[in-house]
Amino acid sequence: SSCCCSFEDYKRTTEWLLDQTNHRPKVAVICGSGLGLLADGAAHKQTFSYKDIPNFPVSTVPGHEGRLVFGTIEDTPCVFMQGHFHLYEGYSLCQVTFPIRIFKLMGVESVLVTNASGGICPDFKVGDIMIIKDHINLPGFAGQHPLCGPNDERFGIRFPCMSDAYSKDLRRLVLDVGSELGCSSFIREGVYCMVSGPNFETIAEARMLLILGCDSVGMSAVPEVTVAKHCGLRVLGLSLITNMVSLDYSREEKVNHEEVLQISKMRAEVLQKLVTTFICRYQQQSINNN
Ligand SMILES: O=P(O)(O)O[C@@H]1C[C@H](O)[C@@H](CO)O1
Ligand code: HPA
(Lines give C-alpha, C1' and ligand atoms only; values in the text may rest on other atoms or scores of the structure.)
(Ligands and ions follow the chains in the order given, each with its own letter.)
Protein backbone atom coordinates (compact mmCIF):
# COMPACT_ATOMS: atom_id res chain seq x y z
CA SER A 1 0.00 0.00 0.00
CA SER A 2 2.57 2.50 -1.23
CA CYS A 3 1.64 6.20 -1.41
CA CYS A 4 -0.12 7.11 -4.64
CA CYS A 5 0.54 10.88 -4.31
CA SER A 6 3.80 12.52 -5.29
CA PHE A 7 5.22 15.65 -3.67
CA GLU A 8 4.23 17.43 -6.90
CA ASP A 9 0.57 16.43 -6.33
CA TYR A 10 0.60 17.89 -2.82
CA LYS A 11 2.33 21.03 -4.10
CA ARG A 12 -0.10 21.53 -6.97
CA THR A 13 -3.15 21.33 -4.70
CA THR A 14 -1.53 23.62 -2.11
CA GLU A 15 -0.63 26.21 -4.74
CA TRP A 16 -4.13 26.05 -6.24
CA LEU A 17 -5.70 26.74 -2.83
CA LEU A 18 -3.21 29.49 -1.93
CA ASP A 19 -4.08 31.07 -5.22
CA GLN A 20 -7.86 30.86 -4.70
CA THR A 21 -8.00 32.18 -1.14
CA ASN A 22 -6.35 34.85 0.98
CA HIS A 23 -6.94 32.79 4.12
CA ARG A 24 -3.76 31.39 5.68
CA PRO A 25 -5.07 28.90 8.27
CA LYS A 26 -3.18 28.12 11.49
CA VAL A 27 -5.68 25.56 12.79
CA ALA A 28 -7.37 22.81 10.78
CA VAL A 29 -10.57 21.19 12.06
CA ILE A 30 -11.69 17.86 10.64
CA CYS A 31 -15.42 17.36 11.11
CA GLY A 32 -16.49 13.74 11.53
CA SER A 33 -19.87 12.16 10.79
CA GLY A 34 -22.70 14.66 11.26
CA LEU A 35 -20.35 17.30 12.69
CA GLY A 36 -20.08 19.71 9.72
CA LEU A 37 -21.81 22.31 11.87
CA LEU A 38 -18.50 22.92 13.64
CA ALA A 39 -17.64 25.36 10.84
CA ASP A 40 -20.69 27.50 11.57
CA GLY A 41 -18.88 29.43 14.30
CA ALA A 42 -16.40 30.88 11.79
CA ALA A 43 -16.61 34.32 10.14
CA HIS A 44 -15.48 35.51 6.69
CA LYS A 45 -16.10 32.06 5.26
CA GLN A 46 -14.91 30.92 1.87
CA THR A 47 -16.06 27.46 0.80
CA PHE A 48 -14.79 24.98 -1.78
CA SER A 49 -16.49 21.79 -2.83
CA TYR A 50 -14.03 18.86 -2.68
CA LYS A 51 -14.87 18.00 -6.26
CA ASP A 52 -13.51 21.35 -7.43
CA ILE A 53 -10.13 21.04 -5.67
CA PRO A 54 -7.42 19.40 -7.77
CA ASN A 55 -6.46 15.89 -6.51
CA PHE A 56 -8.95 16.01 -3.62
CA PRO A 57 -11.03 12.88 -2.96
CA VAL A 58 -14.80 13.39 -2.63
CA SER A 59 -17.07 12.39 0.26
CA THR A 60 -19.38 9.43 -0.32
CA VAL A 61 -20.84 8.96 3.19
CA PRO A 62 -24.08 10.58 4.45
CA GLY A 63 -23.29 13.20 7.11
CA HIS A 64 -20.13 14.30 5.25
CA GLU A 65 -20.86 17.39 3.14
CA GLY A 66 -17.63 17.30 1.18
CA ARG A 67 -16.64 20.93 1.59
CA LEU A 68 -13.49 22.74 2.63
CA VAL A 69 -14.35 25.90 4.55
CA PHE A 70 -11.84 28.66 5.29
CA GLY A 71 -12.76 31.22 7.94
CA THR A 72 -11.71 32.93 11.14
CA ILE A 73 -12.63 32.34 14.75
CA GLU A 74 -12.00 35.65 16.50
CA ASP A 75 -8.57 36.38 15.01
CA THR A 76 -7.49 32.83 14.32
CA PRO A 77 -7.45 31.78 10.67
CA CYS A 78 -8.91 28.26 10.40
CA VAL A 79 -9.82 25.68 7.82
CA PHE A 80 -12.61 23.15 8.31
CA MET A 81 -13.08 19.88 6.49
CA GLN A 82 -16.82 19.24 6.42
CA GLY A 83 -16.47 15.53 5.93
CA HIS A 84 -13.40 13.35 5.59
CA PHE A 85 -12.37 10.09 3.95
CA HIS A 86 -12.36 6.48 5.10
CA LEU A 87 -10.61 3.29 4.11
CA TYR A 88 -13.96 1.52 3.68
CA GLU A 89 -14.96 3.99 0.94
CA GLY A 90 -12.27 2.36 -1.17
CA TYR A 91 -9.73 5.16 -0.76
CA SER A 92 -6.07 4.39 -0.15
CA LEU A 93 -4.69 5.71 3.15
CA CYS A 94 -2.65 8.11 1.05
CA GLN A 95 -5.91 9.62 -0.25
CA VAL A 96 -7.53 9.48 3.20
CA THR A 97 -4.68 11.58 4.60
CA PHE A 98 -4.09 13.76 1.52
CA PRO A 99 -5.59 16.94 3.09
CA ILE A 100 -3.29 16.75 6.14
CA ARG A 101 -0.16 17.31 4.08
CA ILE A 102 -1.92 20.09 2.17
CA PHE A 103 -2.62 21.79 5.52
CA LYS A 104 1.03 21.35 6.51
CA LEU A 105 2.21 22.95 3.25
CA MET A 106 -0.29 25.79 3.72
CA GLY A 107 1.25 26.66 7.10
CA VAL A 108 -1.20 25.02 9.53
CA GLU A 109 0.27 24.38 13.02
CA SER A 110 -2.38 22.29 14.75
CA VAL A 111 -5.04 19.83 13.67
CA LEU A 112 -8.22 19.21 15.61
CA VAL A 113 -9.66 15.84 14.60
CA THR A 114 -13.27 15.11 15.51
CA ASN A 115 -15.32 12.00 14.86
CA ALA A 116 -18.11 9.75 16.02
CA SER A 117 -17.34 6.51 17.83
CA GLY A 118 -18.93 3.70 19.76
CA GLY A 119 -18.37 3.56 23.52
CA ILE A 120 -16.55 0.48 24.82
CA CYS A 121 -15.68 1.73 28.31
CA PRO A 122 -18.69 0.71 30.44
CA ASP A 123 -18.59 4.08 32.29
CA PHE A 124 -19.26 6.03 29.10
CA LYS A 125 -22.67 7.33 28.06
CA VAL A 126 -24.12 8.27 24.68
CA GLY A 127 -23.39 11.96 24.13
CA ASP A 128 -20.08 11.96 26.04
CA ILE A 129 -17.16 13.75 24.41
CA MET A 130 -13.95 11.74 24.68
CA ILE A 131 -10.65 13.58 24.44
CA ILE A 132 -8.42 11.08 22.65
CA LYS A 133 -5.32 10.53 24.77
CA ASP A 134 -3.96 7.66 22.70
CA HIS A 135 -4.99 5.26 19.95
CA ILE A 136 -4.65 1.71 18.71
CA ASN A 137 -4.00 1.47 14.99
CA LEU A 138 -5.62 -1.89 14.28
CA PRO A 139 -5.43 -1.62 10.45
CA GLY A 140 -1.79 -0.57 10.92
CA PHE A 141 -1.07 -3.90 12.64
CA ALA A 142 -2.19 -5.57 9.42
CA GLY A 143 -0.02 -3.38 7.17
CA GLN A 144 -2.73 -0.83 6.28
CA HIS A 145 -0.61 2.11 7.38
CA PRO A 146 -0.48 5.57 5.75
CA LEU A 147 3.32 5.80 6.11
CA CYS A 148 4.08 2.49 4.34
CA GLY A 149 6.09 2.97 1.17
CA PRO A 150 9.08 5.20 0.44
CA ASN A 151 9.46 7.90 3.10
CA ASP A 152 9.47 11.49 1.90
CA GLU A 153 11.90 13.29 4.21
CA ARG A 154 10.35 16.63 3.20
CA PHE A 155 7.39 15.62 5.38
CA GLY A 156 9.03 13.70 8.20
CA ILE A 157 11.34 10.95 9.37
CA ARG A 158 11.13 7.23 8.53
CA PHE A 159 10.40 6.07 12.08
CA PRO A 160 8.28 8.69 13.83
CA CYS A 161 7.58 8.49 17.55
CA MET A 162 3.86 8.05 18.31
CA SER A 163 3.93 7.91 22.12
CA ASP A 164 3.06 11.61 22.22
CA ALA A 165 0.76 11.86 19.19
CA TYR A 166 -1.95 13.74 21.10
CA SER A 167 -0.49 16.96 22.49
CA LYS A 168 -0.61 17.10 26.28
CA ASP A 169 -0.87 20.90 26.23
CA LEU A 170 -3.84 20.87 23.87
CA ARG A 171 -5.56 18.17 25.94
CA ARG A 172 -5.08 20.23 29.09
CA LEU A 173 -6.38 23.32 27.31
CA VAL A 174 -9.55 21.63 26.07
CA LEU A 175 -10.17 20.18 29.56
CA ASP A 176 -9.91 23.70 31.00
CA VAL A 177 -12.23 25.09 28.32
CA GLY A 178 -14.69 22.26 28.97
CA SER A 179 -14.78 23.04 32.66
CA GLU A 180 -15.17 26.77 31.97
CA LEU A 181 -18.20 25.94 29.78
CA GLY A 182 -19.71 23.64 32.41
CA CYS A 183 -19.19 20.51 30.29
CA SER A 184 -16.96 18.54 32.68
CA SER A 185 -19.66 15.97 33.53
CA PHE A 186 -19.63 14.61 29.99
CA ILE A 187 -16.01 15.15 28.97
CA ARG A 188 -13.88 12.00 29.24
CA GLU A 189 -10.39 10.98 28.22
CA GLY A 190 -9.63 7.67 26.62
CA VAL A 191 -8.06 5.39 24.06
CA TYR A 192 -9.61 5.33 20.58
CA CYS A 193 -9.28 2.22 18.46
CA MET A 194 -9.58 2.37 14.70
CA VAL A 195 -11.13 -0.48 12.76
CA SER A 196 -11.49 -0.36 9.00
CA GLY A 197 -15.27 -0.87 8.99
CA PRO A 198 -17.68 -0.66 7.28
CA ASN A 199 -19.52 -3.12 9.49
CA PHE A 200 -20.01 -2.31 13.16
CA GLU A 201 -18.31 -4.69 15.59
CA THR A 202 -19.42 -8.17 16.51
CA ILE A 203 -19.88 -8.76 20.21
CA ALA A 204 -16.74 -10.93 20.35
CA GLU A 205 -14.75 -8.16 18.64
CA ALA A 206 -16.10 -5.57 21.06
CA ARG A 207 -15.11 -7.75 24.02
CA MET A 208 -11.64 -8.13 22.55
CA LEU A 209 -11.32 -4.34 22.23
CA LEU A 210 -12.31 -3.90 25.86
CA ILE A 211 -9.62 -6.37 26.96
CA LEU A 212 -7.09 -4.53 24.77
CA GLY A 213 -7.72 -1.31 26.67
CA CYS A 214 -9.86 0.56 24.15
CA ASP A 215 -12.40 3.05 25.46
CA SER A 216 -14.06 3.71 22.11
CA VAL A 217 -14.03 2.36 18.56
CA GLY A 218 -14.43 4.10 15.23
CA MET A 219 -13.43 4.04 11.57
CA SER A 220 -11.27 7.16 11.15
CA ALA A 221 -8.85 9.59 12.84
CA VAL A 222 -5.83 7.30 13.23
CA PRO A 223 -4.41 7.64 9.67
CA GLU A 224 -4.92 11.43 9.77
CA VAL A 225 -3.35 11.75 13.22
CA THR A 226 -0.40 9.54 12.22
CA VAL A 227 0.35 11.60 9.11
CA ALA A 228 -0.13 14.86 11.06
CA LYS A 229 2.32 13.74 13.77
CA HIS A 230 4.77 12.54 11.10
CA CYS A 231 4.92 16.02 9.53
CA GLY A 232 5.20 17.85 12.85
CA LEU A 233 1.64 19.11 13.34
CA ARG A 234 0.18 19.34 16.83
CA VAL A 235 -2.90 17.18 17.28
CA LEU A 236 -6.04 17.29 19.39
CA GLY A 237 -8.61 14.52 18.98
CA LEU A 238 -12.23 14.71 20.15
CA SER A 239 -14.52 11.73 19.70
CA LEU A 240 -18.25 11.94 20.28
CA ILE A 241 -19.73 8.76 21.76
CA THR A 242 -22.78 8.27 19.53
CA ASN A 243 -23.70 4.77 20.70
CA MET A 244 -22.62 2.17 23.20
CA VAL A 245 -21.12 -0.93 21.63
CA SER A 246 -22.82 -4.20 22.64
CA LEU A 247 -20.59 -6.28 24.88
CA ASP A 248 -23.34 -8.63 25.88
CA TYR A 249 -25.25 -11.26 23.88
CA SER A 250 -28.47 -10.44 25.72
CA ARG A 251 -28.57 -6.85 24.47
CA GLU A 252 -31.23 -6.25 21.84
CA GLU A 253 -30.18 -2.77 20.57
CA LYS A 254 -28.72 -2.69 17.06
CA VAL A 255 -26.49 0.21 16.07
CA ASN A 256 -26.92 1.94 12.68
CA HIS A 257 -25.50 4.97 10.90
CA GLU A 258 -28.76 6.97 11.18
CA GLU A 259 -28.52 6.74 14.97
CA VAL A 260 -24.87 7.86 14.81
CA LEU A 261 -25.90 10.90 12.74
CA GLN A 262 -28.84 11.69 14.98
CA ILE A 263 -26.64 11.85 18.09
CA SER A 264 -23.92 13.82 16.25
CA LYS A 265 -26.46 16.40 15.13
CA MET A 266 -27.89 16.59 18.64
CA ARG A 267 -24.45 17.21 20.17
CA ALA A 268 -22.89 19.27 17.37
CA GLU A 269 -23.87 22.57 18.96
CA VAL A 270 -22.14 21.72 22.27
CA LEU A 271 -19.11 20.47 20.41
CA GLN A 272 -19.10 23.65 18.32
CA LYS A 273 -19.02 25.82 21.45
CA LEU A 274 -16.18 23.70 22.85
CA VAL A 275 -14.17 23.85 19.61
CA THR A 276 -14.76 27.58 19.06
CA THR A 277 -13.78 28.50 22.62
CA PHE A 278 -10.79 26.15 22.43
CA ILE A 279 -9.53 27.93 19.31
CA CYS A 280 -9.94 31.36 20.98
CA ARG A 281 -7.94 30.24 24.03
CA TYR A 282 -5.38 28.51 21.82
CA GLN A 283 -4.71 31.79 20.04
CA GLN A 284 -4.49 33.76 23.32
CA GLN A 285 -2.00 31.21 24.69
CA SER A 286 0.24 31.30 21.64
CA ILE A 287 0.24 35.11 21.78
CA ASN A 288 1.22 34.96 25.49
CA ASN A 289 3.96 32.41 24.77
CA ASN A 290 5.60 34.51 22.05
O1 LIG B 1 -16.17 9.90 10.08
P2 LIG B 1 -16.44 9.34 11.42
O3 LIG B 1 -15.33 8.54 11.96
O4 LIG B 1 -16.94 10.39 12.40
O5 LIG B 1 -17.69 8.35 11.18
C6 LIG B 1 -18.11 7.26 11.95
C7 LIG B 1 -17.43 5.99 11.46
C8 LIG B 1 -18.23 5.65 10.23
O9 LIG B 1 -17.78 6.42 9.15
C10 LIG B 1 -19.62 6.07 10.60
C11 LIG B 1 -20.42 4.94 11.16
O12 LIG B 1 -21.70 5.38 11.57
O13 LIG B 1 -19.49 7.06 11.61
O1 HPA C 1 -19.95 1.57 17.25
C2 HPA C 1 -19.19 2.03 16.37
N3 HPA C 1 -18.20 1.27 15.82
C4 HPA C 1 -17.38 1.75 14.85
N5 HPA C 1 -17.48 2.98 14.39
C6 HPA C 1 -18.42 3.78 14.87
N7 HPA C 1 -18.71 5.05 14.58
C8 HPA C 1 -19.75 5.43 15.37
N9 HPA C 1 -20.14 4.40 16.16
C10 HPA C 1 -19.30 3.36 15.88
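Two residues are in contact here if their C-beta atoms, placed from the backbone, lie within 7 Å. The model is predicted.

Start with Phe80. Leaving out neighbours within four places in sequence, Phe80 is in contact with Val29, Cys31, Leu38, Ala39, Ala42 and Val69. Phe80 also belongs to the largest nonpolar core, which has 77 residues. Within this core, Phe80, Val29, Leu38, Val111 and Val235 touch the most other members. The helix α8 gives the most to the core, with eight residues. In soluble globular proteins, nonpolar side chains tend to be buried together.

Next comes ligand 1. Around ligand 1 there are 13 residues. Those that come nearest are Gly32, Ser33, Asn115, Ser220 and Val260. The shell around ligand 1 holds nine polar residues, four nonpolar ones and no charged ones. Two elements, β5 (110–119) and α8 (257–289), each supply at least two residues of this shell.

Now turn to Val245. Val245 sits in the loop between β9 (234–244) and α8. Is Val245 buried or exposed? A residue counts as buried if 20 or more other C-beta atoms lie within 10 Å of its own. Val245 has 24 other C-beta atoms within 10 Å, so Val245 is buried.

Which residues does Val245 touch, not counting those up to four places away in sequence? They are Gly118, Gly119, Ile120, Glu201, Ala206 and Val217. Phe200 is 45 residues from Val245 in sequence. In space, the two are 8.7 Å apart, C-alpha to C-alpha.

How values were computed:
Residues numbered from 1 in each chain as written. Chains lettered and ligands numbered in written order. Predicted model: local features only at pLDDT ≥ 70, side-chain atom pairs only at ≥ 80, totals over all residues. Near = placed C-beta within 6 Å. Helix = DSSP H or I, 4+ residues; strand = E, 2+ residues; numbered from the N terminus. Nonpolar A, V, L, I, M, F, W, Y, C, P; charged D, E, K, R; others polar. Core = buried A, V, L, I, M, F, W, Y, C linked by C-beta atoms within 7 Å. Buried ≥ 20, exposed ≤ 12 C-beta atoms within 10 Å, placed from the backbone.
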